Amino acid sequence: MCGIVGYTGKNSALNPVVEGLRRLEYRGYDSAGIALPTEIGKPLYIEKRAGKLKNLEEALAKTPNSTSGIGHTRWATHGGPTDTNAHPHLDNDGKLALIHNGIIENYVQLRAELEKRGHKFKSETDTESVVHLLSDARKENNGDLAAAMRQVCKQLKGSFTLLAIHSDNPSHIVGARRNSPLVVGVGNGENFLASDVAAFIAHTKVALELGQDEVVEITPTSIEVTNLAGQVVKSKQYEISWDASAAERGGFTHFMLKEIYEQPKAISDTLIGRLDGLNLKLKFKKFEKIVIIACGTAYNAGLVGKYAIEKWGQIPVDVELASEYRYREPSLDKKTLVIPISQSGETMDTLMALRYAKSKGATIFSVCNTNGSTIGRESDAVLYTHAGPEIAVASTKAFATQLIAMYLIGLEIGKRLDNLSKKEVNAIIEQLSALPAKVEQVLETVEPLRELTRKFKDVESVLFLGRHVGYPTALEGALKLKELAYMHAEGFAGGELKHGPIALIDKGTPVVAIMPAEHSVLAEKMASNIQEVKARGAVVIAISEFDFVGADHLIRIPKTDQLLQPVLAVVPLQVIAYEMAVARRNDVDQPRNLAKSVTVE
Ligand code: F6R
């Protein structure tokens with residue numbers, strides 16, 4: 001939820017640290033700060049500001065020179081977004097600085113003990129306890145910051161990525177992680193630590209994965225990783241496959257718009273080399289059921305996955321909100337295949353549900369977008385989506401590729417369990433292959449929708465209706481509108497409306513209806529549902545693959561297999577949410593109160 005970056009090398013640290021924070025701002029953007037050692041043994045230079053990163057940048061005009069430093073961009077959990085609560089936090093000498101992503105669950109008890117020992121606290125954060133603890137531990141370990149970090153990690157409960165720097169040894173940065181991400185960027189005469197490779201991609205494409213409960217020490221020329229017992233650990237090194245330009249706006253006004261337009265490529269990249277089969281060692285015959293676990297947009301993709309996997313694979317699928325799953329003692333065992341879906345691969349709710357399922361003997365086959373992420377690493381098998389870096393907080397291209405992953409998995413199971421004939425398999429492959437061009441077609445025709453959306457900018461509420469896979473698509477449309485336009489929006493199954501929600505319809509309420517395939521029974525039923533809302537004053541915008549005449553406004557999308565329709569139908573919904581956010585002057589890429597990677601439960 002917070003973004004963390006550390007640099008030590010031969011150049012000024014200010015640029016790589018601030019640039020890293022800019023690239024990590026998607027992880028949290030309610031305050032930011034940096035710490036730089038300027039003179040050996042003297043208090044560190046600290047600057048921190050509430051609000052967006054630009055507030056910090058404005059305050060950095062007279063920053064002293066330093067070749068190492070750490071920086072943080074925050075999504076507040078404990079203590080509001082103020083200058084004082086912003087990270088880094090300092091020990092009482094002002095020589096040790098610490099930044100943190102995650103939650104320290106036992107901070108109340110730690111703080112009480114530290115205060116008894118004479119430590120003075122300034123902030124309301126859980127993090128500040130750790131810097132005081134680390135300060136004492138460093139003294140106990142004769143100034144060895146890594147040994148102190150190992151000692152402190154053993155005392156902490158919760159989730160954390162921590163980075164610390166001390167002015168006695170200024171080119172030395174120590175990091176640690178438990179349940180939150182931390183990667184090492186391996187440079188030439190310089191090294192980096194960050195929550196995400198995006199922070200240092202402009203400087204190096206070589207990264208090291210850090211495991212659970214590992215501590216890392218970097219200097220300009222060395223990297224050492226140890227476990228909490230102090231034993232040296234060999235970390236996996238990997239090449240980052242995308243380049244810095246992938247994380248730039250490239251002429252678009254917002255990352256979200258760019259990412260909406262990148263969907264044809266993202267879909268095509270995710271399909272490439274997989275249409276003839278997935279290279280998986282899993283034996284699908286042994287599974288009696290599948291459980292998909294995910295949050296938010298990824299959950300909506302999972303709901304579509306249920307339709308595809310059950311139809312093609314003929315195996316029961318439950319789709320569960322990850323945050324609810326492990327707390328209700330669900331029935332699962334080694335005959336269960338659990339599919340976590342996560343763009344970031346770091347979502348704490350999903351990770352915890354994964355671990356729970358694993359502890360019950362289930363096989364874990366995850367769908368992730370971020371290479372080397374914790375969820376991917378802790379799974380028995382992974383299907384990586386190839387959406388590339390998604391910077392806008394609201395997910396678009398990652399959702400499209402999660403849908404593709406669901407279809408690929410459904411197809412694979414259908415084939416392996418002999419539920420699909422050769423002819424059916426070929427027809428599905430043909431339809432899947434045609435999707436990138438069809439999404440391109442949708443994107444070429446959305447301009448009038450942007451204008452139409454602006455007309456509704458002052459309405460109080462928008463409803464989304466769908467049937468079959470149109471229902472999860474409607475949920476996704478409503479989620480996008482809520483998070484971007486800050487307006488009431490809800491998605492409903494068309495048939496469910498009359499059981500209560502129809503009371504929400506008032507004169508002029510916009511209803512976005514996703515029409516099922518032409519001539520289908522569902523299309524007839526949906527047409528009736530549309531009549532019901534229109535009779536009560538709703539203005540209906542239909543998204544349809546045929547010339548449906550029952551709506552006030554019609555958005556045409558190309559024809560495809562009914563199961564694949566969400567890939568096309570969601571594009572106008574993303575455009576509606578985007579345009580509404582622009583019209584209401586909201587921050588499109590960084591909507592209020594949100595963070596891209598939700599690493600707390
Ligand atoms: C909405 C959105 C979130 C994420 C959810 C899960 O636009 O982005 O709802 O889908 O937080 O995130 P991941 O996929 O990273 O696990």
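Helices α14 (residues 447-455) and α17 (residues 565-583) meet in this predicted model, their axes coming within 9 Å of each other and crossing at roughly 50°. That angle makes α14 oblique to α17. There's also a parallel five-strand sheet to look at, in the order β16-β15-β17-β18-β19.

**The α14/α17 contact**

- As for handedness, α14 goes past α17 in a right-handed crossing.
- On the α14 side, the contact is made by Leu-449, Arg-450, Thr-453 and Arg-454.
- α17 brings Pro-572, Val-575, Ile-576, Tyr-578, Glu-579, Met-580 and Ala-583 to this contact.

- Direction ignored, neighbouring strands here are turned by 20° against each other on average.
- As a bit of background, strands in a sheet pair through backbone hydrogen bonds, and that pairing can be parallel or antiparallel.

**Around β15 and β16**

- β15 (residues 289-294) pairs with β16 in the parallel sense, and the pairing runs over 5 bridges.
- Helix α8 (residues 296-313) lies across β15, β16 and β17 (336-342).
- Relative to β16, α8 runs at about 175°.

Technical notes:
Residues numbered from 1 in each chain as written. Predicted model: local features only at pLDDT ≥ 70, side-chain atom pairs only at ≥ 80, totals over all residues. Heavy atoms only, no water. Axes fitted to C-alpha atoms, helices over the stretch in contact; angles between N-to-C directions. Helix = DSSP H or I, 4+ residues; strand = E, 2+ residues; numbered from the N terminus. Parallel < 35°, antiparallel > 145°, perpendicular 65-115°, else oblique. Left-handed = near helix turned anticlockwise from the far one by under 90°. Contact = heavy atoms within 4.5 Å. Pairing = 2+ DSSP bridges.
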